[in-house]
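The entries follow the order in which I looked things up.

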Amino acid sequence: MILEMKNIQKSFGDVRVLRDISVSVAPGEVVSIIGPSGSGKSTLLRCATFLETVDSGEIRYEDEPAVTTDEYGNAHYAPPEALRALKRYYGLVFQQFNLFPHFSVLKNVMDAPLTVQKRDKEEVRQSAIELLRKMGLEDKAANYPYQLSGGQQQRVAIARALAMKPEILFFDEPTSALDPELTGEVLKVIKQLAEEKMTMVIVTHEMPFARAVSDRVVFMDGGVIVEQGHPEAVFGAPTQERTKQFLQTYQR
């Protein structure tokens, strides 16, 4: 498994956001996480990428421990140097792009491989240009984020994440800030990555897309996994009443 999360518990004050969540992701697998707002989907991703700390549970990347829990139920994180090494396994694409406004498109894609991974500048440059070509943005390399549409900015963000050569890519509602026309641009890119067997975890409200692109769908509500399985099973014949209720709101 590339990622294993076991018995994850997370609270914000008195509010339990994740209740004993366990999920794993195999190489080449596309897992979509769906559910109503406030169900814990984004928090789960933030815990997986160390942007939030868990209260208890285990997190491993390719069997290397990031978080363990002692006999008293307290979580312990790996030392900072070990966590930095584990971060090389993943890339994260946010809702709001998070590009550096004062960097060109090309510099946005090149920055982390150069500053974090200390890779050769010319190799990084060629890789970045190829990624921009793949995103249909080769002609925008010298532009700045404010000169791009939202869909173009999100495609730059995807290229930036891929530039780090991650083993797994996390998407946190990557189209929620986009209008329907631009949403299609971004979903097309993610679908292409799925066809190339890129390992991905996608938090999304785009139900037809999740059904079409996923190997497995996880439905969360109230901080727990209510149901998971093959997309045709979850969307076509859900076994849990809560799943049925949720999916009815998306039926056209």
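**Entry 1: the model and its confidence**

I note that this is a predicted model, in which local features need pLDDT of at least 70 and side-chain atom pairs count only at pLDDT 80 or more, while totals for chains, interfaces and linings use all residues. Residues are numbered from 1 along each chain as its sequence is written, and side-chain values use heavy atoms, with hydrogens and water left out. I looked up pLDDT, the predictor's confidence in each residue from 0 to 100, and found that the chain averages 93, with 99% of the residues scoring at least 70. Confidence is lowest in H6, at a mean of 88, and highest in S4, at 97. The element names are DSSP runs numbered from the N terminus, with helices (H or I) of at least four residues and strands (E) of at least two.

**Entry 2: the antiparallel sheet**

I traced an open sheet of 5 strands in the order S2-S1-S4-S5-S6, with antiparallel pairing; two strands pair if DSSP finds at least two bridges between them. Strand S2 (15-25) and strand S6 (75-77) are at the edges with a single partner strand each, so one side of each has no neighbour in the sheet. Direction ignored, neighbouring strands of this sheet are turned by 20 degrees against each other on average. Strand S1 (residues 3-12) pairs with strand S4 (residues 56-61) over 5 bridges in the antiparallel sense, and I found Glu-58 in S4 as the bridge partner of Lys-6.

**Entry 3: the mixed sheet**

Which order do the strands of the sheet with mixed pairing follow? I read S7-S8-S9-S3-S10-S11, an open sheet of 6 strands. Its edges are strand S7 (90-93) and strand S11 (224-229), each with a single partner strand, so one side of each is left without a neighbour in the sheet. The twist averages 15 degrees from one strand to the next. Strand S8 (residues 168-172) and strand S9 (residues 199-203) pair in the parallel sense over 5 bridges, and Phe-171 stands opposite Ile-202 in S9.

I then checked H5, which lies across S7 and S8 and runs at about 170 degrees to S7; angles run from 0 to 180 degrees between N-to-C directions, with axes fitted as lines to C-alpha atoms, for helices over the stretch in contact.

**Entry 4: helix H5 against helix H6**

Helix H5 (residues 150-163) packs with helix H6 (residues 180-195) at an angle of about 25 degrees, their axes being 8 Å apart. That makes H5 roughly parallel to H6, since angles under 35 degrees count as roughly parallel, over 145 as roughly antiparallel, 65 to 115 as roughly perpendicular and the rest as oblique. I listed the contact (heavy atoms within 4.5 Å), where residues of H5 including Arg-155, Ile-158 and Leu-162 meet residues of H6 including Val-186, Val-189 and Leu-193. The residues of this contact of H5 with H6 divide into 7 nonpolar, 4 polar and 2 charged; Ala, Val, Leu, Ile, Met, Phe, Trp, Tyr, Cys and Pro count as nonpolar, Asp, Glu, Lys and Arg as charged, and the others, Gly among them, as polar.

**Entry 5: helix H3 against helix H4**

Helix H3 (residues 105-115) and helix H4 (residues 121-134) pack at about 135 degrees, with axes 9 Å apart, and that makes H3 oblique to H4. Among the residues making the contact I noted Val-109 and Pro-113 of H3 and Ala-128 and Leu-132 of H4. The contact of H3 with H4 holds 10 nonpolar, no polar and 2 charged residues.
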